[in-house]
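Have a look at the model first, then read on.

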Amino acid sequence: MFFLGIDIGSSATKLVVIDKNKNIVGRSVVQLGTGTSGVENAVSNLYISHDFNPNDITGSVVTGYGRKQFRGADTEISEISCHAKGISHLCPSVRTIIDIGGQDTKIIRIDEKGKIQDFTMNDKCAAGTGRFISVMSKVLDVDIADMGSIDKEATEIISISNTCAVFAESEVISKLSSGFSIPNIVAGIHQSVARRVAGLAYRNRIEPDLALTGGVAQNMGMIRALEQELNNQLIIPYEPQLTGALGAALFSLENNR
């Protein structure tokens, strides 16, 4: 008996399969999100790379930005609930979850049982999301996966004052033209996003321990900037991009007991 969690984000699709003992036995990540072939590719990769097939899946739950458009799961559950479920399983001491996605950022407060106490979401603009970092990486002509390591080379943080992605793009181009180094600009970009996320978090009354989830949690520059802005150390769960999919798989297990 295996249970599948599907997290369809705006820029990536993540799958997790667990057994009846809640052990992760399969995973797949494809950098294609809702409205694309991301789910099909992720599912294909999952069965090619692991020793089970669709007939072994007892139940499935879909979550994420694209969950409403997907018809291939038993049920759909919000990403807020799934992140709470996944983090509570992985890191029981966490009381505040910061999830930075491609299109939105969520601050979720949970109790000792993983129940949601409150949440705040920024989904009105790209500032404070993974999309902002992605746009800036293209302006700088660097791979987004390298942004964290580039940040480590910074000797100072060049402030990026514009929070609107369109105006910030022009500001970054101006900084480059003025001779500022790419690492210092990257550090400024991370700090700009961190300020927006911290402002959202403080409106939610954060409580330690704090965890960071989502693909952005793989960026050490963002971790540094957020820890500075929040004056708190962040817990980074194992494979933080999979937290929502894991939560979905755990819900599927519960639904099939």
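1. Asp 7 and Lys 14 pair up through their side chains in a salt bridge, 3.7 Å from N to O (a side-chain nitrogen of Lys or Arg within 4 Å of a carboxyl oxygen of Asp or Glu). Both residues are buried (under 20% relative accessible area; exposed is over 50%, partly exposed in between; 1.4 Å probe, protein chains only).

2. Before going further: this is a predicted model, where local features need pLDDT of at least 70 and side-chain atom pairs count only at pLDDT 80 or more, while totals for chains, interfaces and linings use all residues. Numbering runs from 1 along each chain as its sequence is written, and side-chain values use heavy atoms, with hydrogens and water left out.

3. The whole structure has 12 salt bridges. Another one joins Asp 104 and Lys 106 at 2.7 Å, N to O, and both of these residues are buried too.

4. Arg 67 and Glu 76 also form a salt bridge, with their closest N and O atoms 2.8 Å apart. Arg 67 counts as buried because its relative accessibility is 16%; Glu 76, at 31%, is partly exposed.

5. Met 222 is in contact (heavy atoms within 4.5 Å) with Ile 100, Ile 133, His 190, Val 193, Ala 194 and Val 216, leaving aside neighbours within four places in sequence.
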